[in-house]
Amino acid sequence: MRYVDSIKNHLPTILQEVKIQIKNDKTIYEFVKTEEELDKLLSLQEKLIQEYLYDFQKNILDEKKCMQFYKDLKIPYAIVVRSLNYIRKEVIIALDKEGVDKETIIEFSEYFDKFINLTAKVYLKKDIVTLKKLRNSYFEDYLLFKSHISWVESIIESISEDDISKFPLIAASECKFEEYLNYPESLMVCIDVNLCMYLHDLHSLLHKLSNTFYLYYAKSAYSEAYMIFKDLKEQILKFKGIIGELYFITYSNLEVSFFKLIEIYKTNKKEFVTLIDMKSLKSLNSIYGEETITKALEVIEKRLHRFFEKDQARSLVVKGMTANFYMLNIDYSYDEYKKMIDNIIEIIKEPVILDENKIEFTPIIAGLEIEEYFDIKKDEMIMILNHLKNKAKQSKCNKLLVINHYSKEMLKSWLKNRYDSKFIKSKIENAELKLAYHPIFDIQTNKIYSLEILARIVDEDKLIPAGLFIDEVYSMNLIEKLDLAVLRKLIEDKEKIKQITDKIFINVSFNSLLNEEYLEKLEKLIDNIQVGLLLELTEQKFVDNVEILFELNQKYNLFFAVDDFGTGYTSLQSVVDLVKKGILKVLKIDGSLIKNIDDEYNKKIINVISNMAKELNLLSVAEYVESEEILNEIKKAGINLAQGYFLAKPALIEELIVEKVEKFGF
């Protein structure tokens, strides 16, 4: 056994030379703090290597002994492997000089590989427990955290027990995290679309790394598995860190985060936002003390979270600053929402027992279906809810839910009354306006066909939709000034508009089309904007003055669209007259027909309008497309164009440009 003797003869010298080489390598000290620490590693490692190498032909590797040696060492695996590879290289050179046959040298090299591989397994078992850090977070019970805690614990258990059958081998798409990402809590935490995509991609990487790690470990390729584990661990901790920061930021100003979610969240399902306050809270504080009441409210909060625990896909409850609690409920029917509110009232009324005190709360509930109020900002929404809360407090039941036609009309009236004539007049005269652009889509291509221009009054950081001030504008005879201000803003935005579309629809009053200043601005816009303009007709005066429209067409090459067709002023004869003169291009079907398209009679009317538009060579537009079901129905009816919140909300032109860049990369 000449080669064993050769190993015994040469190994002490080789080990000494390797020790010198390693100690002279400056990069090593990036991982090892002191030379003494490195000396200790190399000296202890020599004994282990000698024991294995002197008996290498027995081909027996003692994992327990290897574990005992490495488990307490804080030396990185990379340094251990580097020193072992130095030793192998020098031993092979020595054996070759001794004339040991190639087959034996290869056998020795393979045995040494097994030793390195076993070392990697030991390091894996030692380091796998560091993944438990995922649990060390204040937010570990929140959705985006808890989706991975059991997954990580299964990985730890599988490797620690060397039982690969326990390994959680799942694709990213099968992980609960993917489902949780669409829950209201997660959307609130990860409200930025780009950040959400980054998390999604990072999550996919986690599962790819985990599954690749499994493949190598299952094949007993522990060296490769350890390298992948290091990357997996880094990504898991990065993932945890990002989610932790997002939760921290969100919950540091929870009420703001909650209402920001409501501002930007777009869905075709019913949404309800609810304010929950406690009646006579000041009296309760004076009786029991603020600290006790705060603890009692924490008990109520836990009850509410338990109530919605199995319905987090549709519900979110947060503790507020301007109210005790706020709730968001998505995809609830009216009856389901009302029943849920009744249950919430009973949950809150159940006494809280603290320090032998029996504390009883009486909730004040203000609820609102928010589909019609998407353009209202945080402060406006809080103001509306507080208004409803005050109304509820005056009622016998301490509850006011704005979910029926009567209550919605009441609220609209109240909102309009908030903006008095003086306020509106000042805003119009000072042109304190912004334009919102509502995309109209080609149903066949799913691309933007044109943009409808909508005026918004600027009130600090809020944009007030026209529905809340347009009646007052007409009554004060300010409509021409408003229309002129819109034209000026359009001229300012003209270059940006061309980045989105080559067609725009403009709402205009009949009086403005008789106004010389307006027509001059309109002509300037036509000359400069280089996109197709279509003026929308809504008033009775247009119907009665077709000849004026024809003159405008002849002079300015203007074309028109009839708005609210089907229920508005426009008669079939007016449409025919406009078509005969070649100046009508589009029929916009009244939104009330589209919203109620499930009604068989409405569906028949829509089909009639669609067929009539085709016969007259006109384009048809369906407004208020607010669900996939409505979109599918108007496709069946042969409608050409569609507009509605299901497809896109009105947005500033800059927002549309950014969205286009992110979607198409230009």
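In this predicted model, five strands come together as an open sheet, arranged in the order β2-β3-β1-β6-β7 with mixed pairing. The two edges are taken by β2 (315–319) and β7 (399–402), each of which pairs on one side only. From one strand to the next, the twist averages 15°.

The neighbours of β1 can be followed through the pairing. With β3 (residues 325–330), β1 pairs in the antiparallel sense over six bridges, and phenylalanine 272 has asparagine 329 as its bridge partner in β3. With β6 (residues 363–369), β1 also runs antiparallel, and seven bridges join the two strands; here phenylalanine 272 stands opposite glutamate 369. Helix α11 (residues 254–264) lies across β1, β2 and β3, and runs at about 25° to β3.

Between β2 and β3 there is a loop that holds asparagine 324. The relative accessible area of asparagine 324 is 9%, which means that this residue is buried, the cut-off being under 20%. Leaving aside residues up to four places away in sequence, asparagine 324 touches Ile276, Asp277, Met278, Leu281, Leu297, Val318 and Lys319. Asparagine 324 and glutamate 301 are 23 residues apart in sequence, and their C-alpha atoms are 9.2 Å apart in space.

The buried residues of α4 include Tyr77, Val80, Leu84, Ile87, Val91 and Leu95, along with Arg88 and Glu90. After α4 comes glycine 99, with a positive phi near 85°.

Two packed helices are described by the angle and the distance between their axes. For α4 and α5 (residues 102–127), the angle is about 170° and the axes are 11 Å apart. Because angles over 145 degrees count as roughly antiparallel, α4 is placed in that class relative to α5. Among the residues that make the contact are Tyr77, Val80, Leu84, Val91 and Leu95 of α4, and Ile105, Phe108, Phe112, Phe115 and Tyr123 of α5. By class, the contact of α4 with α5 has 15 nonpolar, three polar and four charged residues.

A further loop, between α19 (479–497) and β11 (503–507), contains aspartate 502. With a relative accessibility of 46%, aspartate 502 counts as partly exposed. Not counting residues up to four places away in sequence, aspartate 502 touches Val531 and Gly532. Along the chain, aspartate 502 and glycine 532 are 30 residues apart, and a separation of 6.0 Å is found between their C-alpha atoms.

Notes: Residues numbered from 1 in each chain as written. Predicted model: local features only at pLDDT ≥ 70, side-chain atom pairs only at ≥ 80, totals over all residues. Heavy atoms only, no water. Buried < 20%, exposed > 50% of the residue type's maximum accessible area, 1.4 Å probe, protein only. Helix = DSSP H or I, 4+ residues; strand = E, 2+ residues; numbered from the N terminus. Axes fitted to C-alpha atoms, helices over the stretch in contact; angles between N-to-C directions. Parallel < 35°, antiparallel > 145°, perpendicular 65-115°, else oblique. Contact = heavy atoms within 4.5 Å. Nonpolar A, V, L, I, M, F, W, Y, C, P; charged D, E, K, R; others polar. Pairing = 2+ DSSP bridges.
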